[in-house]
Amino acid sequence: MTTQPVHFYQVGSFAVGNRLLDDSDQTVQSDPRRSNSLDSGHRACQGCGEALGARYVLDAAMRATSGRLLAVNATGCLEVFSTPYPETSWRIAWLHSLFGNAPAVATGVAAAMKVKGKTDVRVVAQAGDGGTVDIGFGCLSGMFERNDDVLFVCYDNEAYMNTGVQRSGATPPAARTATTEAVGPEPGNVFGQGKDMPRLAMAHGIAYVATATVADLHDLEDKVEHAMRLRGARYLHVLVPCPLGWGSAASDTIKVARLAKETGLFPVFEAIHGEITAVSPIRHRTPVEAYLSIQRRYSHLFGEHGRPDIVARIQEIADRNIATFGLSAKETDRGEKETSA
Amino acid sequence: MRQLPFAITLEVGSSHANHTGSWRVERPVYVDRMPPCNDACPAGENVQHWLYDAEPGDYEAAWRQLVEDNPFPAVMGRICYHPCETACNRAQLDEAVGINSIERFLGDLAIERGWALPPVGTDTGKRVLVVGAGPSGLSAAYHLRRLGHEVHLVDSAPKLGGMMRYGIPAYRLPRAALDAEIARVVALGIEVKLDHTVQDIDRERQEGRFDAVFLGVGAQLARRVEIPAGDSSRVLDAVSFLHRVADEDPPRLGRRVVVYGGGDTALDAARTARRLGATDAIIVYRRNRERMPAHGDQLEESLEEGVTMRWLSTVSRFEGEHLTLEKMRLNEEGFPEPTGEFEELDADALVLALGQDTDLSLLGNDPDIAIEEGVVAVSPSMMAAANGVFAGGDAVPSERTATVAIGHGKRAARGIDAFLAGNELVDKARHELASFDRLNTWYYADAPRTRRPELERARRQSTFDEVVGGLNQENALFEARRCLSCGNCFECDNCFGVCPDNAVVKLGPSRRYEIDYDFCKGCGICVQECPCGAINMVPEQI
């Protein structure tokens, strides 16, 4: 078999699909037979990043497990908007218990499957950032520590959204929420507090930790597929913009997520057994203003009474991420693909 | 509600009862926009469409799409000034798509593989006389044949091609490509009469019982200016000079040749003189580089070949071997004014390339045909007289390029077809232009343009070998795939993938998508993330 470098695919592998690629190279989302794990009729807001992220993750997991999948859900937006009685948007086996216990429930489900001899049935647990970094943190840490066979997915929209946008341990500095108002000398959320959940997960030494955004579908699907090939505790942290809580246009959900990555504010990486093994480099380095200024939760930083000093501090965070994770733009372009002939 | 299995509380698919489409205040609608390349093409090619066909490597389909509008891709891929590339949106991203080079690749491949033009239409029984076998006449003949009309093509020259043969030198347009593409058109069943000069168009029409006439007589008469010249001084015009070179009967010019003029013809004359052995080929032009009508890439190639320029100069006298130039300056309006300063230049020959006029003596004094500024006035359907005389190319007011002429030929053929059926030519409404600001360029892979190999300079100065090389299969494919498909869906699945509500339905290859308005909440992510701007957001009618 000879390998020849072929070609450039117009949209490379940035777009969802590509008519020029073989079926085997297509994304799950480009397949009209995808599971649509989270189906139409759900009550998420216009342009909800979490609804999109959940479908991306679960459809990929469904393909990776040939449909032998169970999902456990913590309380949160995702649970509330998908299952208002008597309707459900889930087209997969799905279980909800409480806000804080999703990791423990998932542990139990995985154990039950093992007892029943159904080791081909795989378990995904999912929660928002509140259910992950705050309320469910103890259960999650235990699940990691016991190395239970669960992929835990956090859909991070950086606050408690469905209860009215209250601050969580994942809310970024200077962001305005209902509980961190844009008043006083340090408006919005404080600097220097909060939990860096992906690195906390890495500190448990589990087999696989990864971050992703809804703006890079190929990367997200690859990570889910990789995670589903492994056994034991795994953690995936997906940034999902919230038009309601962030005050961004409904149409900008993917753009905002893309800017979070391109500014360096949200590092996208993979770690195996606590060591970072891969990062997604920045393609077009962008100042943080581009990301912040299209979100009303940061509107107090701009305009006549703006706070360029605070914007500069946020830029420092981005710059530090770029240095720490090695995110600088590289000559990598996924337009080129190697195919065999 | 039916009995659900144990521990199952809610029915799968039950959320479909909730028609979230009622939330919507704006709706996404798929549209097609006019890509700037198509918009700019004087021959009316559907450039984006044939690039789309070429992208999977289906070159024959691409070529077939191309020849729907223009039967000369191998020729145009060489000599067209490609306004498509000037308009190309990709130029704002990195560099314009090399449309012209792909066109040539397709044209050459078609010749190599012997692809035949599409079959002619059903015989209409109508006879059309085409006068002039240049680009406009050949294009008109081709399109008229395809519409089923009988076509008689006459030309005063011994060979077909008009200015493509007698005006454009072989180093820009090898005769093999020209001959092959012309032969393919003639093979559609066109009656050809060469070495035949039409003296009186009315008589010709009556004798041949033609139902309509197309005049594509070009602009063959070289413009002259009065330059005091000695008896021994050698002065000739660029049109007949290039014509004689094309006839393989080049005149002797000597070593030092001065060309007077600033158009593409002047450059061709100077470059041809270099190839015939002139050590000095100097172009004298009365304005400056910015105001030169010649195309920039042609000037670059000329300078690379050792042609030199005397800007802001006019020729005032030519005595023996001494040429007197007067220096000029541009006034505030940009017009050249004499300065009264003179300089001398030694020259063996002076070639005048000062523009061309059309010989319209064949029209007689037909009162139905309006002549304006030396050319034939025509309607939008290229009609010159209501009795069925049409005209195009250099003989009508135009930009005088081969591509424009080919466009005229096509348009006139449609006009003639409508006339013969007793109708008016009706134009389709044009789509809104696909502008750069509506593209989401994030999705396109970064890719610089493929350069066509150029012959080494040394070879270019002594031979008539072609200067610019072609693409191969590999880089032609790469280049085609650089197309952004501005304004028209190319099925990237982005809308289908990015909808948080699964409200986009994928209909399958080449059938695109549709929106399920029962569930579309109108968030607009699909519009924002469409790479090519093929979805519009429109207010919901309430």
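Which residue is the bridge partner of B:Leu153 in strand 4 of chain B? Point 4 gives the reply, after a short tour.

1. **Before you start.** This is a predicted model, in which local features need pLDDT of at least 70, side-chain atom pairs count only at pLDDT 80 or more, and totals for chains, interfaces and linings use all residues. Residues are numbered from 1 along each chain as its sequence is written, while chains are lettered from A and ligands numbered from 1 in the order in which they are written.

2. **Chain B as a whole.** Chain B holds 18 helices and 22 strands; helices (H or I, at least four residues) and strands (E, at least two) are DSSP runs, numbered from the N terminus. Along the principal axes, its C-alpha atoms fill a box of roughly 110 × 55 × 50 Å. Of the 542 residues in chain B, 50% are buried. Here a residue is buried if 20 or more other C-beta atoms lie within 10 Å of its own, exposed if 12 or fewer, and partly exposed in between, with C-beta atoms placed from the backbone. Among chain B contacts between residues at least 6 apart in sequence, 72% join residues at least 24 apart; two residues are in contact if their C-beta atoms, placed from the backbone, lie within 7 Å.

3. **Domains of chain B.** The assignment lists domain 1 (14–32 + 489–539), domain 2 (36–115 + 439–480), domain 3 (127–220 + 358–420) and domain 4 (225–355); such bounds come from an automatic or database domain assignment. Between domain 2 and domain 3 of chain B, the C-alpha centres lie 27 Å apart. Where these two touch, 20 residues of domain 2 of chain B meet 22 residues of domain 3 of chain B. Helix 4 (residues 73–79) of chain B gives the largest share of the domain 2 side, five residues. That side has 13 nonpolar, two polar and five charged residues. In this grouping, Ala, Val, Leu, Ile, Met, Phe, Trp, Tyr, Cys and Pro count as nonpolar, Asp, Glu, Lys and Arg as charged, and the others, Gly among them, as polar.

4. **A six-stranded sheet in chain B.** Follow the order 4-3-2-5-19-18 and you have walked across an open sheet of chain B with mixed pairing; two strands pair if DSSP finds at least two bridges between them. Strand 4 (191–193) and strand 18 (383–385) of chain B are at the edges with a single partner strand each, so one side of each has no neighbour in the sheet. From one strand to the next, the twist averages 25 degrees. Strand 3 (residues 150–154) and strand 4 of chain B run parallel, joined by three bridges. Here is the reply to the opening question: B:Leu153 has B:Val192 as its bridge partner. Helix 14 (residues 402–420) of chain B packs on the sheet, and its direction makes about 165 degrees with that of strand 5 of chain B. For such angles, axes are lines fitted to C-alpha atoms, for helices over the stretch in contact, and angles run from 0 to 180 degrees between N-to-C directions.

5. **A hairpin in chain B.** Strand 12 (residues 322–330) and strand 13 of chain B pair in the antiparallel sense over eight bridges. B:Leu323 stands opposite B:Leu345 in strand 13 of chain B. Five residues lie between the strands of this hairpin, where B:Gly334 takes a positive phi near 90 degrees. Strand 13 (residues 336–346) of chain B is hardly covered, with one buried residue among its eleven.

6. **Helix 5 of chain A.** Which residues of helix 5 (residues 137–146) of chain A are buried? They are A:Cys139, A:Leu140, A:Met143 and A:Phe144. Seen down the axis of helix 5 of chain A, these fall within an arc of 135 degrees, so they line one face of the helix; the arc is that of the directions from the helix axis to the C-beta atoms. Their cover includes helix 3 (102–115), helix 4 (129–134), strand 5 (150–156) and helix 6 (197–203) of chain A. Just after helix 5 of chain A, A:Asn147 takes a positive phi of about 55 degrees.

7. **Where the chains meet.** The contact takes 46 residues from chain A and 45 residues from chain B. Helix 9 of chain A gives the largest share of the chain A side, four residues. By class, the residues of that side are 16 nonpolar, 20 polar and ten charged.
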